[in-house]
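Good morning, everyone. Please take a look at the model on the screen, and then we'll walk through it together.

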Protein chains: 2
Amino acid sequence: MKPYVVGIDIGGTNTVFGIVDARGNVIASSSIKTGKFADVNDYVADLKAALTSLLEAHDAVDKIAGIGVGAPNGNYFSGCIENPPNLPWKGKIPFAHLLHEAFGVPVALTNDANAAAIGEMTYGVARGMKDFIMITLGTGVGSGIVVNGQLVYGHDGFAGELGHVIVKPSNGRMCGCGRSGCLEAYCSATGVARTAREFLEIRTDASRLRDIPVEEITSKDVYDAAVLGDKLAKEIFQYTGEIMGRAFANFVAFSSPEAIILFGGLARSGELLMKPIKEAMDRNMLNVFKGKTKLLLSELKESDAAVLGASALGWEARQIPAPPSSQSIVLEA
Amino acid sequence: MKPYVVGIDIGGTNTVFGIVDARGNVIASSSIKTGKFADVNDYVADLKAALTSLLEAHDAVDKIAGIGVGAPNGNYFSGCIENPPNLPWKGKIPFAHLLHEAFGVPVALTNDANAAAIGEMTYGVARGMKDFIMITLGTGVGSGIVVNGQLVYGHDGFAGELGHVIVKPSNGRMCGCGRSGCLEAYCSATGVARTAREFLEIRTDASRLRDIPVEEITSKDVYDAAVLGDKLAKEIFQYTGEIMGRAFANFVAFSSPEAIILFGGLARSGELLMKPIKEAMDRNMLNVFKGKTKLLLSELKESDAAVLGASALGWEARQIPAPPSSQSIVLEA
């Protein structure tokens, strides 16, 4: 049995990759720029060079059991990245196949939130849990759902888009997906900043946030102001947490998870966010589920989590992905 | 291998049970009154007598591989019926254990909607599907969710309460569960009748439904009027279908099922209901899922379906349920 796996996390800006051992130690990691390459083949060539030199530097070239990849719109069944909104490549990219050709080891691929859920189940706070939901709070809201110890992929490999559950059926905010009222439009870092701009516009009370040019306000600014006791900033967290808690109560009616686990920058807001979420969950929970589902924070170090999660998938990678049919390779620069 | 299983469907009024063979033929069936017995032990004794005489009449006494039970609030993990709202017994009834003691064969129990999902997967339109959602439209709205070929029970055995997903976060109708805005308050047979009363009250246009005493209107009346071309009645189906379709689009974002399958009286309303559901699903669906999830009607004969579904669980029943601790038997007449 080879002792290592490689985890690759493809983000809009950076691609981070690392060599991971069976206990979840990141032996070494590095990164390349994702956006530099209009042609995915050039990107794979660059990744191959960078990863190979990392493997050589750590005497790990022939010690890799598999590669796991987390990528936006990554499809576990097809091994393809399909129409990713924030990556330079369009269409259906047979990424697992391309990486397998480059490295000659099994490759498994899924979306970034699913990879985070696998990481949490393998190395984090979800160890031993068979039913939980991972919610990633970043620029968007992602999710990975585990039922009966298995990730929920659905019939097409795309299940678990809880950021795009519509939580405001009428008069909801426009979402990047083209619809309106999605959870993501309210509860992502971007959503919190939008709430700040809305609150500042329709209200007249004083706030530290009024010192910042309104279009530049970030969720971090709202957090900083709230920590200093700013009333309006605290109410923004209250508003955000209430929407999240209501949505979570609905999620529980679906899969009755042991825990909902939050991950990502916004999840570090502590009780400012956790308290209103818990209260709204409890208030909106069907009696039979009341008080049963824990609300937890990820235990993984954020800098390692994405690579760890993807790497955990590397242990499962068994089959060599089937070569894609030629018409599925649609590369539009 | 014994050639038969027994399926038992416990409803608020009747308990229907049948002997079923491996191909899903209901060899024989019968029923007793559920509500007659304040003490569950008397009920089990009556059920034992009635089922034994059915087994004897069909030379099946020693040919039963297992018993499957579908019951409101039935818990697969514990084998208990827990606080059923429409049954005469309160608390946590160790029903699988009681039946096992009475018949000496393995007993498995789940809620009625889960039993319907298993029946559909074993004998109906979901044969061969690994990911689907069963929605039962009756007095209430129930659901059974199948992911990766397995029923979703959740960590506590109560997952799949989609009738109690809140679809109207503000100003929603009161629901029997004590909260407001639940799918069930709009899309059950009772919900359709409530919509009719609301429409008749706030509108002034003519309708055949105005000939019926308003408190006596049923969903069947609305259906009959709509079939005769009554405009208001057709708009009630439009309204109901829109709420259902929007909810279904959210369910798809969760588990990306191959199909959503409707079962129960209201599901027989045909295009009156199916058309607005399909349109609202499509309009509210996240792009990646658009056009992928089929909306289907159950293929099982309604009179047989509940027994068939429960019986399918009988084949799986392997373990003898653990005897419950004494304090879990709480019988309050």
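How much area do domain 1 of chain A and domain 2 of chain A bury between them? About 940 Å², with 58% of it on carbon and sulfur atoms. Buried area here is the accessible area (1.4 Å probe) that two parts lose on being put together, summed over both.

A word on the ground rules. This is a predicted model, where local features need pLDDT of at least 70, side-chain atom pairs count only at pLDDT 80 or more, and totals for chains, interfaces and linings use all residues. Residues are numbered from 1 along each chain as its sequence is written, chains are lettered from A and ligands numbered from 1 in the order in which they are written, and side-chain values use heavy atoms, with hydrogens and water left out.

Back to the domains. Domain 1 of chain A covers 4–115 + 305–328, and domain 2 covers 129–299. Those bounds come from an automatic or database domain assignment. The C-alpha centres of the two domains lie 29 Å apart. In contact (heavy atoms within 4.5 Å) are 10 residues of domain 1 and 14 residues of domain 2. On the domain 1 side, Phe77(A), Ala113(A) and Asn114(A) lose the most area, together 52% of what that side buries.

Next, the two chains. Chain A puts 40 residues into the contact, and chain B puts in 39. Between them they bury about 3300 Å², and carbon and sulfur atoms give 61% of that. His155(A), Phe254(A) and Leu286(A) supply 23% of the area chain A buries against chain B, more than any other three residues.

Now, salt bridges. Side chains of opposite charge can pair when their charged atoms come close. The rule wants a side-chain nitrogen of Lys or Arg within 4 Å of a carboxyl oxygen of Asp or Glu. The whole structure has 24. Between chain A and chain B there are two. Lys292(A) meets Asp156(B) in a salt bridge, at 2.8 Å from N to O. Between domain 1 and domain 2 of chain A, the count is zero.
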